[in-house]
Amino acid sequence: LLEASKHEKFLQFVPESYLEVVMDSFHAFRRGDPPVRCLLGYGLEDIITFLVLHFNDDRIVNPDVRDVMFQSISVLLQYRDFVVAFEENRSAQDVFIESLLQCFDSRFWIPVSNILLRLCKGMGFGQKRTNESTSLIFQQLLQDTCKAHPDVYNAFLNRLFTIMNWTATEFTVAMKEIHDSRSSHSSSAELQQQQRKCTIMFELSVNLLRLLEFIVRELPSTFLKGSSMNTDRLIETVSFILQHTTLGPDSKLFEQIIGSPSHHVPFLEKVSRFTILAPITGILINLHMAAQEQLEAEKGPDSACCNDFVNTIAQSKTCQLECFDYLVSFLTYEISTKPDIPSQQRFNNFQDFVQMLKQADSEKDLKVNIDDLDDIPEEFLDPIQFTVMRDPVRLPSSKVVIDRSIIERHLLLDKTDPFSRSELTIDMVEPMPELKERIRAWIKEKMEAGVQ
């Protein structure tokens, strides 16, 4: 198979049964009692090389066969011996992470997220560290790959947010269906099916949040120095989860699910508040600490200012301070009653974050939002949102000047100029540095006058 794959067209003519037999035979040896450790010296290198080179190979046209390859990788990465074998494999070092990011699509996002989570297992808030499948080597390779291939990374991040929004929305829909079924006394079979769906969507949402938590930990600059669109989407995701699992009218369904007697049936026993709020907490801590380090590097450790991430959260219209207060109280109780939960020091960092958030929120009320001023020059306004542009760009077809973050968000769903309907990609827009500098100077002048 390896020899055939070296030729451009040969592999697509190899019968699928050949590959299936290789995988089945390999796993039969692997499951031996005792496991056949000689595989680590004979044949495993070729198995790993073939898997990492071709699970993303378009010449393997049957998605079911590629599923088998994904499953094989995921199973192997449960065991330390095999993790080391992957780490030492040259092909895995060169292409494994990049191929995983490229495969994170509507078909293979579940196995890809499972594999990535195995490699960073135990690194999240509230998780116990484990050396079984965690790989510091592949964690570093993930960071290096994302920096070296920004287009691949940005496409992956976009799909991660899109799929996460879908799973979280489907989870809330499933909770509503359970509530309606109980109210209408639907059949137990129908209720059990809805409970299964609820649990599946909950677990998928948690897995994606854990993956985002890890990405934020390894690459915080994506959300602090990169496109504001990434920060906006992250805050929207965090806000959506908090509003549906902590306080407010949207959280009532979740309270009913985890507080009802039926919560103790097998279908819903994995749905818990701590499970979904732990990665949210980790995301917030990771960005707060990175932003704080950035602030101290610029203004010194004694600076009394709030960091940029805290200010962004405080200015957001979607985040409610009460949800963060609730989260602090909830985690305080969880940690005090369950001493086996790690991350006490990181929880202290989260408490600092919430205190800073309250400070920034109180200062916000003393200032006027710059987007609410009456004397904004018309050329500074975004034509879609009618807010002050921070990074103006000109669209090549319509010649309209628009804020970069706004057109980036538009292009996620529609690859055309919103004004002329001509084809458009983000690399086609023209930066407006002179206008950007005039806007920056105007904002600075207003800020010095007490405007936010």
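Two residues are in contact when heavy atoms lie within 4.5 Å. The model is a predicted one, in which local features need pLDDT of at least 70, side-chain atom pairs count only at pLDDT 80 or more, and totals for chains, interfaces and linings use all residues. Residues are numbered from 1 along each chain as its sequence is written, and side-chain values use heavy atoms, with hydrogens and water left out.

**The nonpolar cores**

Select phenylalanine 96 to begin. Neighbours within four places in sequence aside, phenylalanine 96 is in contact with Val52, Phe55, Ile73, Leu77, Phe86, Ser91, Ile115, Leu119 and Phe138. A nonpolar core is a set of buried Ala, Val, Leu, Ile, Met, Phe, Trp, Tyr and Cys residues joined through side-chain atoms within 4.5 Å. The largest such core has 111 residues, and Phe86, Phe96 and Phe350 have the most contacts inside it. Another core, of 11 residues, lies apart from it and includes Ile376, Val388, Leu435 and Trp442. In soluble globular proteins, nonpolar side chains tend to be buried together.

**Aromatic pairs**

Next, display the aromatic rings. Rings of Phe, Tyr and Trp (its six-membered ring) pair if their centres lie within 6.5 Å; planes under 30 degrees apart count as stacked, over 60 as edge-to-face and the rest as tilted. The structure holds 14 aromatic pairs. Tyrosine 79 and phenylalanine 82 form an edge-to-face pair, because their ring centres are 6.2 Å apart and their planes stand at 75°. Which member of this pair is buried, with a relative accessible area of 6%? That is phenylalanine 82, whereas tyrosine 79 is partly exposed at 36% relative accessibility.

Now select phenylalanine 96 together with phenylalanine 138. This aromatic pair is also edge-to-face, with 5.5 Å from centre to centre and 75° between the planes. Helices (H or I, at least four residues) and strands (E, at least two) are DSSP runs, numbered from the N terminus. The pair links distant parts of the chain, 42 residues apart: phenylalanine 96 belongs to helix α6 (residues 90-102) and phenylalanine 138 to helix α8 (residues 136-148). Phenylalanine 96 is buried at 0% relative accessibility, and phenylalanine 138 is buried at 1%.

Move to isoleucine 280 in helix α14 (residues 273-299). Is isoleucine 280 buried or exposed? At 0% relative accessibility, isoleucine 280 is buried. Beyond its neighbours within four places in sequence, isoleucine 280 is in contact with Leu209, Val238, Ile241 and Leu242. Its C-alpha atom is separated by 9.9 Å from that of glycine 124, a residue 156 positions apart along the chain.

**The open sheet**

Select the three strands β1, β2 and β3, which form an open antiparallel sheet in the order β2-β1-β3. Two strands pair if DSSP finds at least two bridges between them. The edges are β2 (401-403) and β3 (430-431); each has a single partner strand, so one side of each is left without a neighbour in the sheet. Strand β1 (residues 392-394) pairs with β3 in the antiparallel sense over two bridges, and arginine 394 stands opposite glutamate 430 in β3.

**Loop residues**

Finish with two loop positions. Most residues other than glycine have a negative phi, and most peptide bonds are trans. Phenylalanine 386 has a positive phi of about 55° although it is not a glycine; this residue is in the loop between α17 and β1 and is exposed at 57% relative accessibility. Arginine 421, in the loop between α18 and β3, has a positive phi of about 65° and is partly exposed, with a relative accessible area of 47%.

Conventions
Buried < 20%, exposed > 50% of the residue type's maximum accessible area, 1.4 Å probe, protein only.
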